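Trainee: I have a model open and some labels to check. Can we go through them one by one?

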Amino acid sequence: MWTYVTLIAACVAGTLAQAQAPESSLRPVLRPVYPVALPSLAPERSLRPVLRPGSVAASVTRVAAAVPATAATIEAAEPKPARLTRAERKAHKAAGIGKVCRNKRLIGKEVPPVPGKLRGCGIKKGAIKLYEVDGVKLSTPAVMTCDTAKALEKWVDKGLKKSVRSFGGGAKEIKVAAGYSCRTRNNRPGAKISEHGKGKAIDISAITLKNGDSLSVLKDWNNGKKGRMLKKMHKQACGPFGTVLGPNADRYHRDHFHFDTAKHRGGAYCR
């Protein structure tokens, strides 16, 4: 009985308390809505490729490296002919040394006709003493005909320089073993007159390089890279010259190259 009365009293008290509360507290409050920044759906960085500094230059460099060298770049890489010093030019002028055989790459001087001590020897006309070929000096000035000098110039350009290129700094000097010499072939008694006795031949024993090293026919013919260069320049002489002999020809030429401008019926004779 009392429990029921107590429950009714509690309900009445709650109702009275609710009735006495302020009206504003009983209504739902509409709170202000503030704008909320939604996360951006756009990527933080652009999807377009960015051109980084130096990337163009790097790409051009890679492409250039992949392209084979042209004739111009190869020519630029080759050593240039050595220029004469002022003192050398003055000495040459005083001695009458300059362009010969109407070829600016041939430096020497004209000499009087060369008489022969043996029958068949000598140079009747057009004899020159050659000092330099296309920037490469001769260790000893050699007397010869213009045809022989021109053949030597072709060989220096297409054979010697193309074989040596920049190895050792390039070719500096041709070691001349023999130029004009009135004698028989290989100095054998009764043999025919050598082309040396006609001013049509030159013997070369070595090529001196600008760094002081050398390519010796005797020592380097079968010696690795040097040997390959010597064999290449020996081969390139076949054409400009009518006769080309080297270490593989015979025992007389084991220590030098023999080049001459003799004419043979079957074409150039090269061994």
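Trainee: What makes Lys-192 count as exposed?

Mentor: This is a predicted model, and Lys-192 has 59% relative accessibility there. Exposed means over 50%, so Lys-192 counts as exposed.

Trainee: Where is the place of Lys-192?

Mentor: In the loop between strand E5 (171-178) and strand E6 (201-209). Lys-192 also gathers with Arg-185, Arg-188 and Arg-251 in a surface patch of positive charge.

Trainee: Why is Lys-175 called partly exposed?

Mentor: Its relative accessible area is 34%.

Trainee: What about Asp-213 and Lys-226?

Mentor: Their closest N and O atoms are 3.0 Å apart, a salt bridge. Asp-213 sits in the loop between E6 and strand E7 (214-216), and Lys-226 in helix H8 (residues 224-236).

Trainee: Is Lys-226 buried or exposed?

Mentor: Buried, with a relative accessible area of 16%. Buried means under 20%. Asp-213, at 30%, counts as partly exposed.

Trainee: How do you know that E1 and E2 pair?

Mentor: Three bridges join strand E1 (residues 98-100) and strand E2 (residues 103-110) in the antiparallel sense. Pairing needs at least two bridges, so E1 and E2 pair. Gly-98, for instance, has Gly-108 in E2 as its bridge partner.

Notes. Residues numbered from 1 in each chain as written. Predicted model: local features only at pLDDT ≥ 70, side-chain atom pairs only at ≥ 80, totals over all residues. Heavy atoms only, no water. Patch = residues over 30% accessible without salt bridge, like charges linked within 9 Å, V, L, I, M, F, W, Y side chains within 5 Å. Areas by Shrake-Rupley, 256 points an atom, 1.4 Å probe, with all protein chains shown as cover. Salt bridge = Lys/Arg side-chain N within 4 Å of Asp/Glu carboxyl O. Lys, Arg positive; Asp, Glu negative; His and termini not counted. Charge placed at Lys NZ, Arg CZ, Asp CG, Glu CD. Helix = DSSP H or I, 4+ residues; strand = E, 2+ residues; numbered from the N terminus. Buried < 20%, exposed > 50% of the residue type's maximum accessible area, 1.4 Å probe, protein only.
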